[in-house]
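Thanks for coming. Please look at the sequence and the model on the screen while I go through a few points.

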Amino acid sequence: MPKMIFLERDGTRREVDAPLGLSVLEIAHKHGIDIEGACEGSLACSTCHVIVDPAWFPKLARPTEDEEDMLDLAFGLQQTSRLGCQIVMTEQLDGLEVKLPAASRNLLNG
Ligand code: FES
């Protein structure tokens, strides 16, 4: 099974199983990693924001315009920011590393 790595806010590095076809958000939830994902992947929030390791960023499918619009609203936006619910695990992404941003804003709860 592929693996992926989450760098948590306190600097902890967690390597977890990453089943094919699951999104980074779903994988985080499966392992109790603190990414909110308030809209459960329907591109209506930015609380699943993650910062992708620069070495991995070019390997991801390009974000859709909807994702880019939503990302613009994320706190702490960086060059390699993506929405975790839009990154789907494939064989090619085995070893993917993402960092949790320092803070997120939940638009659903104002
Ligand atoms: S969970 Fe809301 S946009 Fe990803």
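**A salt bridge to start with**

Glu 67 and Arg 82 form a salt bridge, and their closest N and O atoms are 2.7 Å apart. The pair links distant parts of the chain, since Glu 67 sits in helix α2 (residues 65-71) and Arg 82 in strand β4 (residues 81-83), 15 residues apart. Glu 67 is buried, and Arg 82 is buried too.

Now the terms. A salt bridge here is a side-chain nitrogen of Lys or Arg within 4 Å of a carboxyl oxygen of Asp or Glu. Buried means under 20% relative accessible area, exposed means over 50%, and partly exposed is in between, with a 1.4 Å probe and protein chains only. Helices (H or I, at least four residues) and strands (E, at least two) are DSSP runs, numbered from the N terminus.

A word on the source. This is a predicted model, where local features need pLDDT of at least 70 and side-chain atom pairs count only at pLDDT 80 or more, while totals for chains, interfaces and linings use all residues. Residues are numbered from 1 along each chain as its sequence is written, and side-chain values use heavy atoms, with hydrogens and water left out.

How many salt bridges are there by this rule? The count is 5. Another of them joins Asp 34 to Arg 9, with the closest N and O atoms 3.2 Å apart. Asp 34 lies in the loop between α1 (24-30) and β3 (49-52) and Arg 9 in the loop between β1 (3-7) and β2 (13-17), so this pair ties together parts that are 25 residues apart in sequence. Asp 34 is exposed, at 53% relative accessible area, and Arg 9 is partly exposed, at 42%.

A further one pairs Arg 14 with Glu 8, where the closest N and O atoms are 3.8 Å apart. Arg 14 is partly exposed because its relative accessible area is 27%. Glu 8 has 18%, so Glu 8 counts as buried.

Next, the chain as a whole. The protein chain has 2 helices and 5 strands, and along the sequence they follow the pattern β-β-α-β-α-β-β. For 110 residues a compact globule would have a radius of gyration near 13 Å, and this chain has 13 Å, which agrees. That radius is taken over C-alpha atoms, and the globule rule is 2.2 Å times the number of residues to the power 0.38. Of the 110 residues, 43% count as buried.

Is Phe 6 buried or exposed? Phe 6, in strand β1, is buried, at 0% relative accessibility. Leaving aside neighbours within four places in sequence, Phe 6 is in contact (heavy atoms within 4.5 Å) with several residues, including Val 16, Ile 27, Ile 35 and Leu 100.

Where is Leu 77? Leu 77 lies in the loop between α2 and β4, and with 41% relative accessibility Leu 77 counts as partly exposed. Outside four places in sequence, the contacts of Leu 77 are His 49, Leu 71 and Asp 72. The C-alpha atoms of Leu 77 and Leu 20 are separated by 27 Å, and these two residues are 57 apart along the chain.

Last, contacts over the whole chain. Among those between residues at least 6 apart in sequence, 62% join residues at least 24 apart.
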